[in-house]
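Please read them alongside the coordinates.

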Amino acid sequence: MILRLFRYAFTQSKTRAMKSRLLDGNDWHCLLRMRNLEDVFRYLSATDYGPFLSGLSPTGSDARAISLSLHDSLFKNAVRLSKSLTQNRAQVVYRLLARYEAENIKTLLRGIWQAMPETTIRPLLYRLETLSRLPIDALLKTRQIPDAIDLLQKTDFHASLVHALAQFRTQNRLFPLEIAVDLAAFRLLTDQIKTLRGIDRKQTARLIGLFVDGVNLSWLIRFRQIYGLSPEEIINYSLPEGCHITLRDIGALARAADLPLFLSTLPQPYRNALGHVQHWSRIQPVFQTWLVAGLYRVFYKDPFHLGLPVSCILLKEMEVKALDGLISAVGAGMPFERISQVWQGGWMQAHDNHYSRKAA
Amino acid sequence: MFKSEKLVRITIQVPEEFISAATGVLARFKLLHLIRIDQTHLGRLGYVAESDDRLTEDYERVLSEIQPLLDSLGICPDDSALPEPVIPEKEIFRITERLVEIQGTIGTILRDFGAVEQRIGHTRAMMEKLELLPADLDLTRLSQCTFVNWTIGLISSGGVDRLEESLSRVHHAVVELGHIPDWTIILVFGLKPDWPTFEQALKGALLEPVRFSDDTSGTVAEIISELKSQLAVLSDQRQALFEQRTDIQRRFEQDLSILRSKTISARQILAARRLFGKVDHSFLISGWIPERLFDTLSQELATVTGGNALIEKVNPEDLREVREGIVNIPILFNNPMLISPFEKLTSLYGTPSYGEIEPTVFFALSFLLLFGMMFGDVGQGGVLFLAGYLIFRRIYRYMDYGVILMECGFFSAAFGFLYGSVFGLETLLPALWFRPMENITYFVKVTLVMGAGLLSLGMILNFINALRLMEYDKLFSGGGLAGAMLYWMTAGLGMKYMLTGRVAPGELTALGWAAGILLGVMVLHRPIYRLVIRRDSPVQIIRQTGFVAELMESVIEVLDDIIRFTANTVSFIRVAAFALSHAALFIAVFSVADIVSHEKSGAFSYWIVVVIGNIVIILLEGLVVSIQTIRLEYYEFYGKFFRGGGERFKPFGEADRGSETGKT
């Protein structure tokens, strides 16, 4: 314990400082009542996001540019936190963001596949800077998918992509490569967690397990409800190392005929948390509320472990995603009553619960 | 050597039809620093040459075709000078024609070679997969199955469980045939009516199937044997094609290199034309060139243009823009070979302005002297010299650093003889001067004297700069002549005291009076300058706004100068300190070596410690001493006189070629 205290004293104070800069319930209360993008921008410019949005105009910028700037803040926070960690613990933080490297690979592959010019693809990429080892300039000049994969030889995604090339050629679509990159990103993360020991491993594996459960649920719903994939295919597009949802559960959920059966098939604690949901589209926001509450709970217990920074980064990431969604909704002219309705009970409620508990 | 190369500004007027030939000469000449026409009066009036973008694009295209040919033939192009000037408008036709000819000759062979290499790759990949299968697996029997379908393939190791789960509702068999890191090779069986479900699951599992051609039969061992014989045939074909390729490489190596050089040159010329001016049907080229080359350039231009080019030379001091400081004259260093590597270190501090002393030679000599004093050892100096020589011979890019290292090694060895030290052993050689550890006080005095000398040199260079740049007011300031005189008198008395241990009272009195007068001059240097040089009246000077504030400022400046002079001189004690720490490190190494020599196989351990200790000292102390020397040079020496703010001479035709070479 003493050793952990020394090891994490600086990290935990840094993490708490970072957490204190997350938007609170009051911020969300105001943000959900904004009627136009200019107001959202003005409000955010007085928060931790201000410096990242300063180069953009509230009226002239597209949603992707805004989204990328919001993500810059996430990456910067992650890099700052990782500097206070030892090397293999910092690697967990880097691997946590390897999903964005995977997103960049997917964007590049899509660009190459659709023969987009370099100038169109580059602005769509996440600005990972030191967090990424992708040879972006060389990839942008490539015109063939196999050549692009060759260029990724020095990255951790190469083997998975090479393996998926056969299916890419058979199906003549990018989907096998995309899913291979996504699976590889999570595999890198879970492999890295396995290098940890003791409470670090236990806490981090639990938090990432919860997060993986959320991703599995989200993919399950998306693949069956939007893409109409067969259960046999969906099962293969699931992530291992979930916390509560096993492979058997995923099989059963993929084959569930309708929503009530789907909800009753969910393992605990999700059956209780999501049991009241009336529509497929509500599962994700309600799960998010549950997860945010879980992530905040980490801050009330023993803080001297890697779970604390991981939790903070996940909270920040979910906040960025929520803001991203809010800006898109406001930008698309969604009425604020509808926005409040969609967000209410989700992100808002999680914050209200946390801050009311803190006040108590 | 103490001044940068004398430059003159030239303006060349060339009729339109001769511009390519003229630019070719300038590019080949490599000693013209172009002035951007858009930054001159003419440019601002809109007389700027247009660049031929289509021709530039053509050259880009040609270069992109030449490069793959060079790569596929394994040719490393050299950037040797071209025998004749390149005329972009004409050259494009010759280059394209020759390139098409070469492509026609070698295209088929390169394509065949590529195809054979690809087939070899596929066959090897197939063999690698087959080698994972059991040798007795009979594909003939598998292909005779009536009610079941089967497939063999690679799947990620974590994906087997997911595949089993996805097939859990249908009859199936997943047989694991083998494992390689992260991957499992599986054989999947399923009933033919259920096969669409299998296809969905296998697609989802990203199975990488091992495909066999329809006529494949026999056991895996037999198939591998067949593939091996195919591979042997392909290897023979490859060898034959490889020989043809080598022959082609020999035949076209020079041609392709020249084509590439011409293309790059033409592209440079086209890019440079954007810096030219144009009036009616004449181009105007303006730039700086060493004065000694003016006649040669005039002759060459006259030859290629048939006497149609007008070339005009103007001395920098005759240019109004230069006098008013609007235009900077670039600096072309002009040092001998052994000194020129130090230009890099001078440039790190700044580029001297045209007209001021070019201090690289002083920097180099004092650097080597200080380094040698701090790192004096015959053996270690020899090691540094050898390391420098290796860099000089083997790593072309760092040749300059190799020379610096060799010179440092030489000086280090020279001081090693003076100190009588060989790899820290002080018993092998007699000390020709003194041993640092036995004469600490003396060493400190020597370094103080040397420091005072180097600072004095800095002050002298400052006077010269002030006179050359006509900054006469600075002569009376603390950093100028007045300050220097006070410093020399104080330093002289200090030195006398160090050597004899006493100073006469009369000398102290004289110093007091002189100091009083000189301090007065330093405080009043601005009013004195106005009075003596500008001939202002005393009343006018006193009534000027801010006179008192100016005096207060001068008082603070003088105090600052006095403190700085003292600190700068004392700073040189570090030379003795680091030389002593160098010797102290040796003592530490030999103490450790003595201790281990009493253990088992002590003699061997003794020498191991001595060798490792020497390596550590060379690396660690070498780095520290270099940093300290540069620090003394930059802050104590350059700080006294260096003005900077100059612009480096960038010869037309070299910078672009360098970057191009770096790219390829």
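1. Two strands pair if DSSP finds at least two bridges between them. Helices (H or I, at least four residues) and strands (E, at least two) are DSSP runs, numbered from the N terminus. By that criterion, strand β2 (residues 33–34) of chain B pairs with β8(B) in the antiparallel sense over two bridges, and B:Leu34 stands opposite B:Gly287 in β8(B).

2. This is a predicted model, in which local features need pLDDT of at least 70, side-chain atom pairs count only at pLDDT 80 or more, and totals for chains, interfaces and linings use all residues. Residues are numbered from 1 along each chain as its sequence is written.

3. On confidence (pLDDT, given by the predictor for each residue from 0 to 100), chain A has a mean of 84, and 91% of its residues reach 70 or more. Among the elements of chain A, the lowest mean pLDDT, 57, belongs to helix α21 (residues 347–359) of chain A, and the highest, 93, to helix α7 (residues 98–113) of chain A. Where pLDDT is low, the predicted coordinates should not be read in detail.

4. Strand β1 (residues 7–15) of chain B runs antiparallel to β8(B), joined by nine bridges. B:Val14 stands opposite B:Phe283 in β8(B).

5. Strand β7 (residues 277–279) of chain B also pairs with β8(B) in the antiparallel sense, over three bridges. In their hairpin, with two residues between the strands, B:Asp280 takes a positive phi near 50 degrees.

6. Why is strand β8 (residues 282–290) of chain B largely enclosed by the rest of the structure? Nine of its nine residues are buried (under 20% relative accessible area; exposed is over 50%, partly exposed in between; 1.4 Å probe, protein chains only). Both faces are covered, with B:Trp288 among the buried residues on one side and B:Ile285 among those on the other.

Methods: Chains are lettered from A and ligands numbered from 1 in the order in which they are written. Side-chain values use heavy atoms; hydrogens and water are left out.
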